[in-house]
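Biologist: I'd like to learn how to read a model like this one. Could you take me through it, feature by feature?

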Amino acid sequence: SSPTSSREVEPSLTAMTPDSSHERLNAISRHLGGIQRYLEIGVAKGSTFFAVEADQKHAVDPRFRFDPINRRAFSNEKYHPITSDQYFHASLGHERPFDLIFLDGLHTYSQTLRDFLASQALAHSRTVWLIDDTVPSDAIAADPDLRRVQAARRAEDCADDQTWMGDVFKVVAFIDAFCPQYTCLTLEGHGQTVVLPLPKPTHNGCFSSVEAIEKLTYVDVLLLRDSLLAPVSLDRVLETIDQLPAA
């Protein structure tokens, strides 16, 4: 799969309960005072998207695992069967900002970073992001090439394990190093990182170049669990959201 086209492939992720993401997103929404506009990149079967509570919801995926026509009764849902790159290009000047953005597209650093940077054009001063798959479960899951991951699982006689997070964790390092206007908080449990529009109170100072970030491996994930990727509770995230300035 190409690292520049979102969600061409979507393995089942065994490390996650189907409802955990929407529960987190809805909790964030409540602490934002409710949200009008929600954007989800990488929708697959729609289990998260359907359950998120918002006045208007936009879904982007080049290959939905369901027929959006069957959702016609839900007038607040809009479906975009294109790549995230195509969506962001087409939406400029045509879409109003979103209040909450969930990035769960192709599980690579390059594409997820593109999605995050592009989505800033559709954000406002209180927009919150949730980035999925930022803490890989093992070294195999941290490889950005899905076909290599599948081949390695077969070599280990565990082909049924399709867990794949890729190298999305590098996006957290990039935001920490180069986006001082944001604070990243990585949730405990299944690795997801909340990005808040708050200047970070302290700079981890882990990396000073893009080249250093690109070279990170799963060993670095383990070494960063006391600093950049330190797990925090959802309650801690919600408390921090309460500190956002009023609109």
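This is a predicted model: local features need pLDDT of at least 70, side-chain atom pairs count only at pLDDT 80 or more; totals for chains, interfaces and linings use all residues.

Biologist: How many disulfides does the structure hold?

Modeller: A disulfide needs two cysteine sulfur atoms within 2.5 Å. The structure holds zero of them. Seen from Cys184, the closest cysteine sulfur is that of Cys179, at 8.1 Å, again too far for a bond.

Biologist: Is Cys179 buried or exposed? And what about Cys184?

Modeller: For this we look at relative accessible area, where buried means under 20%. Cys179 has 5%, so it counts as buried. Cys184 is buried too, at 18%.

Biologist: Where is Cys158 placed?

Modeller: Look in the loop between helix 5 (146–155) and helix 6 (169–178). Cys158 counts as partly exposed, with 27% relative accessibility. For a sense of distance, Cys158 and Thr112 are 46 residues apart in sequence, and their C-alpha atoms are 27 Å apart in space.

Biologist: Now the backbone. Which value does phi take in Ala44?

Modeller: Ala44 is a residue other than glycine, yet its phi is positive, near 50 degrees. Ala44 sits in the loop between strand 1 (37–41) and helix 2 (47–51), and at 11% relative accessibility it counts as buried. Asp133 also has a positive phi, near 65 degrees. Asp133 lies in strand 5 (residues 123–135) and is buried, with a relative accessible area of 0%.

Biologist: Stepping back, what does the secondary structure of the protein chain come to?

Modeller: It comes to nine helices and eight strands.

Biologist: And how does the radius of gyration of the protein chain agree with that of a compact globule?

Modeller: A compact globule of 247 residues would have a radius of gyration near 18 Å, and the protein chain, at 17 Å, agrees with that. Its C-alpha trace spans about 45 × 45 × 30 Å along the principal axes. Of the 247 residues, 52% count as buried. Among contacts with a separation of 6 or more, 66% come from residues 24 or more positions apart.

Terms used: Residues are numbered from 1 along each chain as its sequence is written. Side-chain values use heavy atoms; hydrogens and water are left out. Buried means under 20% relative accessible area, exposed over 50%, partly exposed in between (1.4 Å probe, protein chains only). Helices (H or I, at least four residues) and strands (E, at least two) are DSSP runs, numbered from the N terminus. The radius of gyration is taken over C-alpha atoms; the globule rule is 2.2 Å times the number of residues to the power 0.38. Contact means heavy atoms within 4.5 Å.
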